[in-house]
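Please have the sequence and the model at hand while reading.

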Amino acid sequence: MRILVTGVTGQVGSALATKLAAFGTVVPADRSVLDLTRPQDIASRLDEIAADVIVNPAAYTAVDRAEDERDLAFLVNAEAPRALAQWSARRGVPLLHFSTDYVYSGRGSTPWKESDETGPLSVYGASKLAGEAAIREVAGPHLIARTSWVYAPTGSNFLRTIVRLAREREELRIVADQIGAPTSTAIIADALAAFCASPGGLASVIERTDGLVHVAAAGSTSWHGFATSIVEGLRARGVPLKVERVTAIGTADFPTKAQRPINSRLDLSKLSQVLGRSTPDWSVGLTTVLDDLAASGV
Ligand SMILES: NC(=O)c1ccc[n+]([C@@H]2O[C@H](COP(=O)([O-])OP(=O)(O)OC[C@H]3O[C@@H](n4cnc5c(N)ncnc54)[C@H](OP(=O)(O)O)[C@@H]3O)[C@@H](O)[C@H]2O)c1
């Protein structure tokens, strides 16, 4: 089985390229292989690659910049997924696509269910939602996995930023009123591997989820709670830090170009039903990543 994985220079794509090798030949597609700003070229590229499964974690992910680059965000996050979906529908090849908690409005405090109304607050969120809609409209075999607050030991993410700042500054001021589940790429890769390994494989997961499922760590915290746990975890592992205080601030104290959801909690009941188990708590994922970081000298 040939498994095309896009976005292999990114966090999720690199974890999936490694993990999914257990299920076939991974064809890693960075932007030199498949440029998502050129949806018109996607079908011919896919003809050449001839994959049996398409996994698409590649995306325009610069949330604040997207407010000024709307066309580019929609091209990569909506038009390119539409082209992937059209090819996949013609060939009957499953498309596994990634989306985000940013498709929700963030109102209220209960976890969002897949069936809840969406209401993106940002251009990025709207572009990802448009990608979902395009894939659904094409109506080939697809599974859309909405995830949240992704991090890994490498790459550009909140955890890496906190590790750096904790060594440079005495005080970190971190937003405490946005709540979600920090999700390590290992948790995402494990869930996807479990989908592939399940009886009936991806086709059965697509059927059981109706093509849409949340994939995230269990539990929830704020960015402030996450940062505090990172700092405490590094200290417990003997990593020298300059930071003395992690101060809780409000969203209003940290203005950003794009508005973020306050409540990013994702309901994981559907995922648990499919997996037959819960995903690990976000703190468990963090422990593993901090162990890896400490072992590599950070
Ligand atoms: N990060 C989060 O907190 C988060 C939260 C919820 C959902 N998600 C979703 O999860 C998925 C994976 O996110 P991630 O954190 O792994 O993203 P990431 O680390 O920012 O990686 C994005 C990947 O997309 C590639 N890409 C961007 N533009 C491209 C183009 N025009 N053509 C081909 N490839 C292109 C990038 O390639 P280059 O290296 O060449 O730029 C990179 O490999 C995305 O769908 C994202 O929307 C992420």
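Predicted model: local features only at pLDDT ≥ 70, side-chain atom pairs only at ≥ 80, totals over all residues.

For Y124, a polar side-chain atom lies 2.6 Å from an oxygen atom of the ligand. For F98, the atom involved is a backbone N or O atom, and it lies 3.5 Å from an oxygen atom of the ligand.

How much of the ligand's accessible area does the protein cover? On its own, the ligand has 910 Å² of accessible area, and the protein covers 82% of that.

## The shell around the ligand

There are 25 residues around the ligand, and those that come nearest are T9, R31, T61, Y124 and K128. Sorted by class, the shell consists of 11 nonpolar, 10 polar and 4 charged residues.

Which elements give two or more residues to the shell? They are α1 (11–19), β4 and α4. The largest share, 3 residues, comes from β4.

## Aromatic pairs

A search of the whole structure finds 8 aromatic pairs. One of them is formed by Y102 and Y124: the ring centres are 5.8 Å apart and the planes stand at 85°, so this pair is edge-to-face. The cut-off behind that word is an angle over 60 degrees. Y102 lies in the loop between β4 (95–100) and α4 (123–138), while Y124 lies in helix α4, so the pair ties together parts that are 22 residues apart in sequence. Both residues of this pair, Y102 and Y124, are buried.

Another pair is made by W223 and F226. Their ring centres are 6.5 Å apart and their planes are at 45°, so this pair is tilted. W223 and F226 both belong to helix α8 (residues 223–236), where they are 3 residues apart, about one turn of the helix. Are these two residues buried or exposed? W223 has 14% relative accessibility and counts as buried. F226 has 1% relative accessibility and also counts as buried. The cut-off for buried is under 20%.

W223 and F226 are also members of one aromatic cluster, together with W149, Y151, F158 and W282.

## The chain as a whole

The chain has 10 helices and 12 strands. Of its 298 residues, 51% count as buried. Along the principal axes, the C-alpha trace spans about 55 × 35 × 35 Å.

How does the radius of gyration fit with the number of residues? A compact globule of 298 residues would have a radius of gyration near 19 Å, and the chain has 19 Å, so the value agrees with that of a compact globule.

## A residue in helix α5

E168 is found in helix α5 (residues 158–168). Its relative accessibility is 42%, so E168 counts as partly exposed. How far apart are the C-alpha atoms of E168 and R107? They are separated by 35 Å, and the two residues are 61 residues apart along the chain.

Note on methods: Residues numbered from 1 in each chain as written. Heavy atoms only, no water. Phe/Tyr/Trp six-rings, centres within 6.5 Å; stacked < 30°, edge-to-face > 60°. Helix = DSSP H or I, 4+ residues; strand = E, 2+ residues; numbered from the N terminus. Buried < 20%, exposed > 50% of the residue type's maximum accessible area, 1.4 Å probe, protein only. Near = heavy atom within 4 Å. Polar contact = N/O pair within 3.5 Å; in protein donor to acceptor, adjacent residues only side chain to side chain. Areas by Shrake-Rupley, 256 points an atom, 1.4 Å probe, with all protein chains shown as cover. Nonpolar A, V, L, I, M, F, W, Y, C, P; charged D, E, K, R; others polar. Rg over C-alpha atoms; globule rule 2.2 N^0.38 Å.
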